[in-house]
Amino acid sequence: MNNHIKVGMLGIGNIGKGTYQALEMNHDKILETTGFDIEIVKILNRHPEKDRGIDIPKDKYTKDIKDIIEDPEISIVVELIGGIEPATEYMAEAIRHGKSVVTANKAAIAANGKFLSELAQEHQVLLRFEAAVAGGIPILTSLTTALLSNSFSEVHGILNGTTNFILTQMSEFGKDYGEVLKDAQAKGFAEADPTADVEGIDAANKLSILISLVFGAGIRPEKIPTQGITAVCPEDIAFAKESGYRIKLLASAREQGDKLTCSVEPSMVPVKHPLASVNNEFNAVYVKGNAVDELMFYGRGAGSLPTGSAVLGDIIGIARKLGKDSAYDIVPQLRYDSDLEFRGVGESKYYVRMTVADKPGVLGRITTMFGHYDISVEAIQQKTPYECDGERVATLIFILFSVDKSLLTHALDEALKFDVTKSIDNVIRVEE
Ligand code: HSE
C-alpha cells in the first residue's frame, strides 16, 4: 500500500494555515504512529504573494483548481474556502474525480450534505467534516463511533466561539459588544462576515448537521428557529447574574415522543449546569444518551490550530481507509430518514423584559393578559422607575412558566398594543 498520502488544499485562510502548521508540527509523530507520510502538495490560492506568517514553498501554490482536482497523485482534497458556492461545486468535482474530501465548511454541509454524501457513496470515496461542528472537538466522530450504541433524547451545544467570546467578555468584564466583536475578529474566531456568527446562522448550520447525525432528521438550517445575540443587553446579563444564570447562545434539539423541537437562541443557563462554565471561544456539546446518560464535550470551537487538528484527524481517518476493500464509510454518515415530526421551538420557561408607564394598574393589566393566554408567571421584578421623554417609566421583568414560543409571541404582540407598554425589550429562553 502506498503510504505517501498527497493532499490538495482549496484555500489557505485561517483554518488552512492551522492545518498546514498542525501537519508540520506533528508530521513525524503521525508517520511513526500510523505509517502515513501525509503531505500537502498543492494549495489553491489566488494571492500566493501574501505574507501569511508561515513558510510555504511557492511552488505548492496554484491558481487553477484543475491542478488539484485532475492530479491523479492527489487522493484527498481538503476544502477550506468556506461559503456554500463555489465550495459545494468544487467538492462535487473532486468527488467525481475519485478524490475523498475533507471540509470544515458547515454552511455547505448543512445545505448540501445529502447531495455530497450520496455522491461520495456513488463514487466510492469518503467525505468527512469533523471540523465543521465545534472546531477541535471530535464530536461527530464520537457520536458516530463510540456512541453508536445509544439513542439520544437531547443535544445542546455552545457551537459558536465568537458569540460565546462576546457574551463572556460582556458578562465577566462589562465590555462593550462592538469592541469585543472586533477582538473576536482579530483573534480569527469570527466568520468573514460576522453576521453569520452574531445572528446565530453559523450555530444553526452546525445544529442542522448534529440533528442529522443524532436524530436522523433532515432539518434545513433556515427552518431552525434562530435568534442571535444582538439584542442581549447589559440589563439582561445583570439580571441573569443576580438570579443564578449565565446567558449563552444555545443550540438545542430535543426528541419528545414522536416530535422533534429545536432552536438556536440566547438562553439563561443555570450556573450549576456544566454548559454555564463554558467561556470565551470555547465550545461544548452536551448529549444525553439512553445508555451512556449525560456527556459533555468541551474544547476550542474556533481558531486556526484547533480546527486544523480536526481537519488533519479526518485526513488520517481517510488515509487509514484508502486502499481497503470497504471504501464505504459510515463515519460520520448524515441521515435524513427519521419519522420525527418537526415542531419548531417547543415549550420552555422564558424571561421577558419590558418597559411600561409607571402608573397604578399596569402590572395587573399585563399579568391579566398573560392569564388570558394561559401563561403562568413564576416571578416578577420591577426596577426603580425613571424619567423618559417627560414620562415616568419602569422596567418589568417576568419569568414565565413553560410556554410555547409562538403563543408567547402572540401575547407579547397584544401587550405591545396597550398604551402603557412602551417596548418589549427582550425575550430570553430560561433553561431548567
Ligand atoms: N465563526 C465560527 C465561530 C468559527 O466563531 O465559532 C468556527 O466555526
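## The β10–β11 hairpin

In this predicted model, a hairpin of 3 residues links β10 to β11. The two strands, β10 (residues 282-289) and β11 (residues 293-300), run antiparallel and are joined by 8 bridges. Within this pairing, Val285 has Phe297 of β11 as its bridge partner.

## Domain organisation

The protein is divided into three parts: domain 1 (4-136 + 304-323), domain 2 (146-300) and domain 3 (347-430).

Between domain 2 and domain 3, contact involves 16 residues of domain 2 and 14 residues of domain 3. The centres of domain 2 and domain 3, taken over C-alpha atoms, are separated by 26 Å.

Six strands form an open sheet with parallel pairing, in the order β3-β2-β1-β4-β5-β6. The edge positions belong to β3 (61-62) and β6 (127-128); each has a single partner strand, so one side of each is left without a neighbour in the sheet. Val102 has Arg128 in β6 as its bridge partner.

Helix α11 (residues 304-321) packs on this sheet. The strands that α11 touches are β1 (4-10), β2 (37-44), β4 (74-79), β5 and β6. Relative to the direction of β5, that of α11 makes an angle of about 165 degrees.

## The largest pocket

The lining of the largest pocket comprises 49 residues, and Leu80, Ile81, Gly82, Gly83 and Glu191 lie nearest the centre. By class, this lining has 19 nonpolar, 20 polar and 10 charged residues. Several helices take part: α1 (14-34), α4 (106-122), α6 (161-173), α8 (195-198) and α9 (201-214) each supply at least two residues of the lining. The largest share comes from α9, with 5 residues.

Most residues other than glycine have a negative phi, and most peptide bonds are trans.

The peptide bond from Glu85 to Pro86 is cis, with omega near 5 degrees. Pro86 is located in the loop between β4 and α3 (87-96). Ala134, a residue other than glycine, has a positive phi, near 60 degrees. The loop that holds Ala134 runs between β6 and α5 (139-144).

Conventions: Residues numbered from 1 in each chain as written. Predicted model: local features only at pLDDT ≥ 70, side-chain atom pairs only at ≥ 80, totals over all residues. Heavy atoms only, no water. 1 Å grid on protein atoms, 1.4 Å probe; cavity = no way out; pocket = protein on both sides within 12 Å on 5 of 7 lines; lining within 4 Å. Helix = DSSP H or I, 4+ residues; strand = E, 2+ residues; numbered from the N terminus. Nonpolar A, V, L, I, M, F, W, Y, C, P; charged D, E, K, R; others polar. Pairing = 2+ DSSP bridges. Contact = heavy atoms within 4.5 Å. Axes fitted to C-alpha atoms, helices over the stretch in contact; angles between N-to-C directions. Domains from an automatic or database assignment.
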